[in-house]
Amino acid sequence: MLELASSISTGKHNNDPMHIFLMGLAYFDGIDVETDRERGLQLITEAAEMDLPAAMVKLSGLYENGIDTLPDYRKAAYWCERLLAHHCKHSGEEAPITVTTMHALASMYDKLQEYYQAQLLTEKVYALSRKLYGDTDQRTRNALGDLAVLYAQRGNYAKAEELQKQAIKAMPTSDWTREMLTDIANLAGIYARQGHNEKALALKRQVYEQRSKLLGSDHVDTLNSLKNLSASYKDLGDCDTALTLLREAYDRTCKLRGEAHPDTLRVMAGFVSIYVKQGNYAEALVVGEKLYKLCTAFWGEDHPASWEALANLATVYGKAGEFQKSLELLQRVYSALKHHLGEEHPNTLSILNNLSYMYGEVGDYQQAIALSKRAYALRNDKFDPLHSDTLDSLANLAYFHKQLGEYDRQ
């Protein structure tokens with residue numbers, strides 16, 4: 001380090017990437033020199049561009065956690081992609097370091113809500129982990145659990161439940177561990193997505209209690225459990241308990257992360273759904289507008305988190321009787337989801353169904369019927385005919401025909 005400090009002080013700069021990287025760390029962290037984050041980041045980036053793995057790892061971590069500001073998952077993913085290419089080339093696809101990097105990149109894609117890319121990569125990680133470590137190894141189980149969550153996020157709940165139960169069954173111990181609690185929390189989330197609210201609540205309560213004991217009340221996993229527990233109480237109609245728990249989760253998360261951090265924004269979204277459930281649309285609009293503004297400031301308008309916030313806001317406007325405003329927002333969301341996720345994605349179909357209903361609310365029943373038919377046909381093909389989403393679209397279609405006096409077509 002003395003040699004490094006000497007080279008820095010004399011302005012000496014050679015073309016060795018490790019030397020450049022260490023100089024960057026020195027400037028970035030103020031080691032034997034005055035702290036200069038900008039200069040440090042520039043040097044670390046220079047070393048990474050020279051294909052130094054340690055520099056790529058550092059950059060990915062810096063951007064994931066945020067450099068004196070909010071995280072930049074896009075840049076974190078970029079350097080993780082570069083790192084993966086390096087390991088594939090120099091170590092081979094089946095090397096442990098390569099598989100570990102694949103898993104990290106899949107996590108970045110998940111944070112960017114690029115679920116299809118995350119699923120493809122996680123499937124490869126799971127297959128390689130089974131080959132390298134066996135079915136009961138924690139690394140294999142982590143990949144399987146992540147894969148289950150990704151299937152759920154893409155709407156395949158039956159497959160998600162199957163994989164998550166498989167991951168829990170492969171757990172080599174019955175003791176409460178952080179990994180075991182993650183698997184149970186994931187299974188609870190899958191139950192909630194399917195409407196099995198009592199089963200979800202029982203598991204979420206168990207996870208929150210055990211995480212509080214194991215990790216402490218302010219750990220990120222514990223706070224996430226508290227938010228999820230609130231959601232289950234809301235789903236079961238106990239909005240008072242849901243609000244109490246969510247306020248506690250929000251206050252703690254805001255204190256730890258700040259108001260505009262993604263973790264805080266995810267907690268804030270829960271207030272909108274609870275207020276809607278209560279019929280408190282004025283408060284829901286205030287929070288919904290603020291949430292959308294914060295999401296677009298952090299991610300930009302063309303991002304899944306912003307679309308979700310806008311869709312929630314559209315729902316609130318519709319509930320509040322401002323149908324035209326709701327319709328305009330839903331049209332924007334549907335156009336974005338159809339382009340980025342595809343017409344048959346469950347999220348796109350949900351917005352299409354809501355859009356058809358809103359056309360009915362403004363009196364355009366022909367358009368409402370056309371969109372309801374499309375939503376019903378796609379849901380009937382993708383899901384079971386008796387699936388709640390399919391029946392919801394069918395009910396909408398019957399309602400619109402009734403409004404037009406076409407009773408024989410109900």
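**Helix 2 against helix 4**

In this predicted model, helix 2, residues 17–29, and helix 4, residues 53–65, have axes that come within 10 Å of each other and cross at roughly 30°. Angles under 35 degrees count as roughly parallel, and helix 2 is therefore roughly parallel to helix 4. The crossing of helix 2 past helix 4 is left-handed.

Which residues make the contact? From helix 2, they are F21, L25 and F28; from helix 4, they are A54, A55, K58 and L62. Sorted by class, the contact between helix 2 and helix 4 comprises six nonpolar residues, one charged residue and no polar ones.

**Salt bridges**

Let me turn now to the charged side chains. In general, side chains of opposite charge can pair when their charged atoms come close. How many salt bridges does a search of the whole structure find? The search finds 18. I shall discuss some of them.

I begin with E49 and R82, which form a salt bridge whose closest N and O atoms are 3.2 Å apart. This pair links distant parts of the chain, with E49 in helix 3, residues 37–49, and R82 in helix 5, residues 73–90; the two are 33 residues apart. E49 has 45% relative accessibility and so counts as partly exposed. R82, at 22%, also counts as partly exposed.

The next pair is K131 with E94, whose side chains meet in a salt bridge at 3.0 Å, N to O. Here, too, distant parts of the chain are linked: K131 lies in helix 7, residues 115–133, while E94 lies in the loop between helix 5 and helix 6, and 37 residues separate them. K131 counts as exposed because its relative accessibility is 58%. E94, by contrast, is at 40% and counts as partly exposed.

A further salt bridge joins the side chains of R139 and D137, at 2.9 Å from N to O. With a relative accessibility of 44%, R139 counts as partly exposed.

Finally, I draw your attention to a group of three residues. D218, E248 and R252 are linked in a network of salt bridges.

Thank you for your attention.

How values were computed. Residues are numbered from 1 along each chain as its sequence is written. This is a predicted model: local features need pLDDT of at least 70, side-chain atom pairs count only at pLDDT 80 or more; totals for chains, interfaces and linings use all residues. Side-chain values use heavy atoms; hydrogens and water are left out. Axes are lines fitted to C-alpha atoms, for helices over the stretch in contact, and angles run from 0 to 180 degrees between N-to-C directions. Helices (H or I, at least four residues) and strands (E, at least two) are DSSP runs, numbered from the N terminus. Angles under 35 degrees count as roughly parallel, over 145 as roughly antiparallel, 65 to 115 as roughly perpendicular and the rest as oblique. A crossing is left-handed if the near helix is turned anticlockwise from the far one by less than a right angle, and right-handed if clockwise. Contact means heavy atoms within 4.5 Å. Ala, Val, Leu, Ile, Met, Phe, Trp, Tyr, Cys and Pro count as nonpolar, Asp, Glu, Lys and Arg as charged, and the others, Gly among them, as polar. A salt bridge is a side-chain nitrogen of Lys or Arg within 4 Å of a carboxyl oxygen of Asp or Glu. Buried means under 20% relative accessible area, exposed over 50%, partly exposed in between (1.4 Å probe, protein chains only).
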